[in-house]
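Student: Please pick one part of this structure and take me through it closely. I'd like to see how the pieces connect.

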Amino acid sequence: PWQIGLVEYDQERLREAYVGEKYDKFAEHFDSFEDYVGFRFSFIWPPLVFGWLWFLYRRMSREAILFFILSYLIRKAFSFLPLSDLLMWLLVNFALSLSGAWLYYKKTEQQIEKALYMFGDDQPQVIGWLTWNGGVSNWVIFLGIAVILLKLYFTFLTVLGSAIGMGLRMR
């Protein structure tokens with residue numbers, strides 16, 4: 001527990017305030033990172049499926065932007081390989097799923113430190129600030145749906161364009 005002045009803070013309560021109602025899904029990961037110095041791999045499935053969008057959903061915008069750019073650059077660097085787009089997407093998202101819990105733990109700890117620095121021994125303010133600034137960004141769900149629909153649209157246009165091109169060549 002953290003102690004500021006005469007107020008002792010329960011670490012679990014502060015983390016739960018920041019993470020939100022799904023804290024129980026992260027508690028075991030966070031506990032395993034607590035006594036470990038440095039980076040530690042720990043698999044979670046959402047970044048494997050959603051990639052950088054999961055980081056945006058969990059209010060980790062810097063990490064999301066970094067992984068979006070990194071993912072794009074890696075896919076372009078290996079574009080000469082057959083099925084490179086799918087393979088690189090899987091590789092990058094697998095790396096994100098191995099590092100996501102640890103990065104979220106670090107972000108949570110940073111935000112708790114920030115709240116304690118700003119509000120000190122005013123426990124309701126600390127909990128309120130963590131609750132307000134933590135949790136998830138529901139608008140990312142709509143962004144994810146839009147990204148999927150755009151991807152399907154452009155895939156359809158590519159297939160249609162190829163079909164039309166092949167049809168013209170056959171005449």
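Tutor: Trp45 counts as exposed, with a relative accessibility of 52% (exposed is over 50%, buried under 20%, partly exposed in between; 1.4 Å probe, protein chains only). This is a predicted model, in which local features need pLDDT of at least 70 and side-chain atom pairs count only at pLDDT 80 or more, while totals for chains, interfaces and linings use all residues. Residues are numbered from 1 along each chain as its sequence is written, and side-chain values use heavy atoms, leaving out hydrogens and water.

The structure holds 18 aromatic pairs (ring centres within 6.5 Å, using the six-membered ring of Trp; planes under 30 degrees apart are stacked, over 60 edge-to-face, the rest tilted). The rings of Trp45 and Phe50 lie with centres 6.4 Å apart and planes at 50°, so this pair is tilted. Phe50 itself is partly exposed, at 45% relative accessibility.

Of its 38 lining residues, Val49, Phe50, Gly51, Leu53 and Trp54 are the closest to its centre. Trp54 in turn belongs to an aromatic cluster whose members include Phe55, Phe67 and Tyr104.

Terms used. 1 Å grid on protein atoms, 1.4 Å probe; cavity = no way out; pocket = protein on both sides within 12 Å on 5 of 7 lines; lining within 4 Å.
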